[in-house]
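Please take a look at the model below and keep it open while you read. We will walk through it together, one feature at a time.

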Amino acid sequence: MLDVFGSLKVLLKIDDVYIDNVVFRLHYRATAVILLACSILVTYRQYFGDPIDCIVDDIPSKVIDTYCWIYSTFTIPKWNKGKIGKDVHPGVSTYDDSADTVKYHRYYQWVCFVLFFQAMFFYAPRYLWKVWEAGRMRALVLDLNCPIDFDPEHKESLINYFVKNLHMQNVYAIRYFLCEFLNLCNVLLQMYFIDYILEGEFSRYGYEVLRMTEMKPEDRTDVMSRVFPKVTKCIFKKYGPSGSIQTFDGLCLLPLNILNEKIFVFLWFWFWFIAIISVLNTVYRTVIILIPVFRLLLLKSITDHTSHDKLKTLSQKFWIGDWFVFYQLGKNTSPVIFKEIILDLTMKFEEKDNV
């Protein structure tokens, strides 16, 4: 199992210079790793067996397994409340093909691909931001995260950078805010996409599972078995010796649905969690852009009390792009060095104003 998931450790590597925030990392790191791990699990037959096993009299097992996998299996919704031993299995019993409604289950052919491409879409805003960011923050930080070995000349060049590029860094910040908004749009679209794949079952899936656990056992309707049935029907037809069509009624087991039902319950809660904090993060960004006082408070939160008076001067000078780069620098820099940068940069601006 460690060998299976060993390749995912690259995505869990801790960066020495951060160019984003915790919410952003939950999208491209935590969520992408979860989806890739789930995609690997549902394709690993050593732990969960064959994806489908069907029983049909007088038909070779490999033939019927392949046929039912390709053309999909089905259940009868009116028997979803059926009980084992009385109605054979929930969703599986006798039916009239001309009168009864049947529900075909085709999603299981696509689960591993859907999970994989979802992981790619969750990583896409991170990739776009890395291209746009182009290593700027790493070049600005260099050795400033170590208060012992840093180069004083680099600190001086950093101060000159903020003076010369004052009011010229808005594009950098806007691109980052756009990537954060793409994260929000992506998670909402992914929830809609899964709901479409599962034919409208995902939107309330987690809620209905929770509600089911609160019911008495005799009153429960297994929501997970309705969405991800473990036993289904498959009809196989072939020509008989005299040319007439023979119909064979098959019973199919879907072992992977034991895993799929748990995966999608977890994803329902996880996606809602990511969506909610992404909405809150969007509100947070809006407040930062519209209320300069809030930007000052955030700078104060990463410095000591002695630098607070100087920060007011810097906040009045900075536009949103200057503030964002400076704030990111503060999160990646040693507090001792960042305090010196604040003092020296404030002095530089005051000297420039007095000239």
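The paragraphs that follow go from a helix to a pocket, then to aromatic rings, backbone angles and contacts across the chain.

A word on the ground rules comes before the tour. This is a predicted model, in which local features need pLDDT of at least 70 and side-chain atom pairs count only at pLDDT 80 or more, while totals for chains, interfaces and linings use all residues. Residues are numbered from 1 along each chain as its sequence is written, and side-chain values use heavy atoms, with hydrogens and water left out.

Let us begin with helix H2, which covers residues 22-42. Helices here (H or I, at least four residues) and strands (E, at least two) are DSSP runs, numbered from the N terminus. H2 has 21 residues and reaches 29 Å from its first C-alpha to its last, close to the 30 Å expected at 1.5 Å a residue; the expected span is 1.5 Å times one less than the number of residues. H2 does have a kink of about 30°, centred on Thr-31, where the bend is the angle between axes fitted to the seven residues ending at a residue and the seven starting there. Is H2 mostly covered or mostly open? It is mostly covered, with 17 of its 21 residues buried. Buried means under 20% relative accessible area, exposed over 50%, and partly exposed in between (1.4 Å probe, protein chains only).

Next comes the second largest pocket, with a volume of about 240 Å³. Of the 15 residues that line this pocket, the closest to its centre are Phe-74, Tyr-95, Tyr-104, Cys-234 and Ile-235. On a 1 Å grid over the protein atoms alone, a pocket is an open set of points where a 1.4 Å probe fits, with protein on both sides within 12 Å along at least five of seven lines, and lining residues have an atom within 4 Å of a point. Grid points are joined across faces, edges and corners, and the volume is the space filled by probe spheres set on the points. Helix H4 (61-71), strand E2 (73-75) and strand E4 (231-239) each supply at least two lining residues, and E4 gives the most, with four. By class, the lining has eight nonpolar, three polar and four charged residues. Here Ala, Val, Leu, Ile, Met, Phe, Trp, Tyr, Cys and Pro count as nonpolar, Asp, Glu, Lys and Arg as charged, and the others, Gly among them, as polar.

Now for the rings. Rings of Phe, Tyr and Trp (its six-membered ring) pair if their centres lie within 6.5 Å; planes under 30 degrees apart count as stacked, over 60 as edge-to-face and the rest as tilted. By this rule the model has 31 aromatic pairs. Tyr-67 and Phe-236 form an edge-to-face pair, at 4.8 Å centre to centre with 85° between the planes. The pair links distant parts of the chain, Tyr-67 in helix H4 and Phe-236 in strand E4, 169 residues apart. Tyr-67 counts as partly exposed because its relative accessibility is 25%, whereas Phe-236 is buried at 10%.

Trp-270 and Phe-273 make a tilted pair, at 5.5 Å centre to centre and 45° between the planes. Both lie in helix H11 (residues 257-290), three residues apart, about one turn of the helix. An α-helix has 3.6 residues a turn, so residues three or four places apart point the same way. Trp-270 counts as buried at 16% relative accessibility, and Phe-273 as partly exposed at 40%.

The backbone deserves a look too. Most residues other than glycine have a negative phi. Ser-72, not a glycine, has a positive phi of about 75°; it sits in the loop between H4 and E2 and is buried, with a relative accessible area of 4%. His-167 also has a positive phi, of about 65°, and lies in the loop between helix H7 (152-164) and helix H8 (170-197).

Finally, consider a contact across the sequence. Pro-229 and Phe-74 are 155 residues apart in sequence and 9.2 Å apart in space, C-alpha to C-alpha. Pro-229 is found in the loop between helix H10 (223-227) and E4, while Phe-74 is among the residues closest to the centre of the second largest pocket.
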